[in-house]
Amino acid sequence: MKKKIAFIALAVTAALFTACAAESTPSAVSQQESGSAVVTALTEEAAKETVKLNMPIADKFYAIYNRCSLPVDNSASVTDDNGFCYSPVESVYDTLASLKADTEKYFTKEYLDSTFYKNLADETAFYKDINGKLYKNTDAVSNGKNIWDTTACVISDITDTGFTATVPYLDLYDAHRSAKIEYLLDNGTYKINSWIMNLDAV
């Protein structure tokens with residue numbers, strides 16, 4: 001009988017030790033949230049899927065900042081002190097801050113400061129707030145669209161912090177080109193950190 005009681009006590013102690021050990025080890029989710037997780041390695045297919053989902057959005061912002069593609073109400077145009085014509089934007093972006101906030105979901109701040117945001121900084125700014133509302137410089141509008149072939153993209157330089165994608169596209173002059181895009185893991189999201197256009201077709 002004593003042997004049986006001792007065996008049961010030993011089994012209970014082992015179970016309690018196992019439970020305590022399990023509670024003291026962070027789950028995969030909690031580890032990721034604390035920043036100390038062992039993150040699953042990015043695969044080439046997962047990187048390609050990221051590019052496939054990201055490129056239409058990235059190209060939309062490329063057109064917004066470089067071609068002034070946001071729609072406007074031309075009936076309410078104003079001329080600024082530098083002689084440029086601005087019209088109120090008619091879109092989900094009602095202020096410059098709201099446009100930037102959405103843009104920064106997909107691009108690193110470092111990239112934006114060296115590219116897109118330069119078009120907001122001088123007297124010919126493509127967009128600016130006037131009386132608390134977003135206006136577009138209609139004198140800076142240009143047409144054109146890039147057509148991206150994400151199915152043929154080539155992934156390289158995969159690390160635990162990002163990867164590089166070379167993506168072929170057809171430019172506005174119907175010329176076959178490619179772009180080299182560096183994605184960086186930023187707070188759990190892959191964002192564009194470098195985007196070099198007009199390279200030879202792959």
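The paragraphs below go from the conventions to a group of strands, then to a loop residue, a helix and the cysteines.

This is a predicted model, in which local features need pLDDT of at least 70 and side-chain atom pairs count only at pLDDT 80 or more, while totals for chains, interfaces and linings use all residues. Residues are numbered from 1 along each chain as its sequence is written, and side-chain values use heavy atoms, with hydrogens and water left out.

Strand β7 pairs with several strands, pairing being assigned if DSSP finds at least two bridges between two strands. With strand β8 (residues 176–186) it runs antiparallel, joined by 9 bridges, and G162 has L184 in β8 as its bridge partner. These two strands, β7 and β8, form a hairpin with 5 residues between them, and in that turn D174 has a positive phi of about 65°. Strand β6 (residues 154–159) is also antiparallel to β7, over 4 bridges, with V154 standing opposite T166, and a hairpin through 2 residues joins β6 to β7. Strand β5 (residues 147–148) pairs with β7 in the antiparallel sense over 2 bridges, and here I147 stands opposite L170.

The loop between β5 and β6 holds T150, which counts as buried because its relative accessibility is 16%. Leaving aside residues up to four places away in sequence, T150 touches V51, K52, M55 and V167, contact meaning heavy atoms within 4.5 Å.

In helix α4 (residues 96–103), L96, L99, D102 and T103 are buried. Seen down the axis of α4, the buried residues fall within an arc of 130°, so they line one face of the helix; the arc is that of the directions from the helix axis to the C-beta atoms. The elements that cover these buried residues of α4 include α3 (44–67), α5 (109–114), β3 (127–130) and β4 (133–137).

Finally, which cysteines deserve a look? C68 counts as buried at 1% relative accessibility, and C153 is buried with a relative accessible area of 3%. The structure holds 0 disulfides, a disulfide being a pair of cysteine sulfur atoms within 2.5 Å.

Technical notes: Buried means under 20% relative accessible area, exposed over 50%, partly exposed in between (1.4 Å probe, protein chains only).
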